[in-house]
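Load the model and keep the sequence beside it.

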Amino acid sequence: MAKIVNSYLSQAVTPWPTSTSLSLPNIKFHHAPSLFKLSHLPPHFSSSACGCSWMEDSFTSHTNIACNGKRKSQSYSVFPTAPASVSSVQDLFEFICSGPLMEKLGLTPEKVAECIDIWLRCGTQLCRVFQLNELYLNDAQKVRFYHYYIPVFLWCEDQISQHRSLFKGEEIPPLVIGFSAPQGSGKTTLVFALECLFRTSGRKCAALSIDDFYLTAEDQAKLRESNPGNGLLEFRGNAGSHDLSISVETLTSLSNLTKEGMKMKLPRYDKSAYNGRGDRADPSTWPEIEGPLTVVLFEGWMLGFKPLPNEVVKAVDPQLQLVNKNLEAYYEAWDKFIKAWIVIKIKDPSCVYQWRLQAEMAMRADGKPGMSDEEVLDFVSRYLPAYKAYLPTLYSEGPNGSDPNHLVIVEIDEGRNPILGN
């Protein structure tokens, strides 16, 4: 191991060569900077620092929620503001090996050393897409790339290899990887980073969210009218507010996208419509993807939730009984398509308030309509009963129908960074 790493000593972490491709063990990366223009960022990202609050952690304003629903902001530094220079691969190797996910993802110093070139190139590509100088990443950025995004990417690659080994001499359907994580926990940014890495390595990848399957504004209004007094179904979010037929249609079509030339459009949802209440985006704006797909990244705040005994949910909130009943149909519509799972675990769901506020503030700062602070408080409060009811089972038993051999639970802190956890 030392011999492999020492061969890189005194080398700077330099950009990728400009050759058309670079073959590495199991992964072939392609130099394709056109993939990483700002136009490819998710639509809710702001143009400033890509809208990723973690990139501004060194000087961000953290929000506290007072009992009266008003915001109190206090500015302070979470990480040192001085850049953390990465001057050699040895420095980077040691930093990678100190990551909290090493053992959980089956990584060892020996394995890292054997494919250190892959880590370097992944880091370079992430710096390109997030417009950062790889030689001067601050601590928050280093942690996010080398302790989180790249280790998860390599775990996903291993899952893809296992999936593809099951098929001999036949068309191979894409592996659907599910990402279950509370709102604002960074799952969309994680999926975006993974999507870029997959595409750079030559993988054809599709990304979608359960948000893309919300009812139209018109149908959501009908749901509200048919359930007067149930605040959990008044607006989008809980089980019952999704169009499960379009979910099944989309996921089935993605699974069949195995040949060159096959194309389809992915539905999208516009959260900024109707002053932040949202509506399905016009189909003319839906992105088109082409087969053959290798992997589908499917993320959502309630992916993998299992229906519970009625008395359990009633004790949490009587309004949750109908939501729980609706949840019974979700395994067939969503979870059964997912063959590998990443569950992002949080200690306290109340931090969702702060994260959601940050997201809405970023939308407003980018000139897009969004919910007011008071509306955010009201909006998030409609999710908390589900978090309280379903997260304990999700964390203790895993998602509905999941295989423990294809499941990893990543615990994060309030800064959205991975920690050792339990």
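How many helices and strands are there in the chain? The chain of this predicted model holds 15 helices and 15 strands. Of its 422 residues, 55% are buried. Take the contacts between residues at least 6 apart in sequence: 75% of them join residues at least 24 apart. The accessible surface is about 18300 Å², and carbon and sulfur atoms account for 51% of that.

The largest nonpolar core has 115 residues. W119, L254, L297, F298 and W334 have the most contacts inside it. Helix α5, residues 139–164, gives the most to this core, with 12 residues. Select F298 next. Leaving aside residues up to four places away in sequence, F298 touches a set that includes V176, F179, F213, L251 and W334.

Turn to the sheet. Five strands form an open sheet with parallel pairing, in the order β8-β13-β7-β14-β15. Strands β7 (175–180) and β13 (295–300) run parallel and are joined by six bridges. V176 has V296 as its bridge partner in β13.

Two helices complete the tour. Helix α5 packs on the sheet and touches β7, β13, β14 and β15. Its direction makes about 155 degrees with that of β14. Helix α6 (187–200) also packs on the sheet, touching β7, β8, β13 and β14. The direction of α6 makes about 175 degrees with that of β13.

Note on methods: Residues are numbered from 1 along each chain as its sequence is written. This is a predicted model: local features need pLDDT of at least 70, side-chain atom pairs count only at pLDDT 80 or more; totals for chains, interfaces and linings use all residues. Side-chain values use heavy atoms; hydrogens and water are left out. Helices (H or I, at least four residues) and strands (E, at least two) are DSSP runs, numbered from the N terminus. Buried means under 20% relative accessible area, exposed over 50%, partly exposed in between (1.4 Å probe, protein chains only). Contact means heavy atoms within 4.5 Å. Accessible areas come from the Shrake-Rupley method with a 1.4 Å probe; for residues, only the protein chains shown count as cover. A nonpolar core is a set of buried Ala, Val, Leu, Ile, Met, Phe, Trp, Tyr and Cys residues joined through side-chain atoms within 4.5 Å. Two strands pair if DSSP finds at least two bridges between them. Axes are lines fitted to C-alpha atoms, for helices over the stretch in contact, and angles run from 0 to 180 degrees between N-to-C directions.
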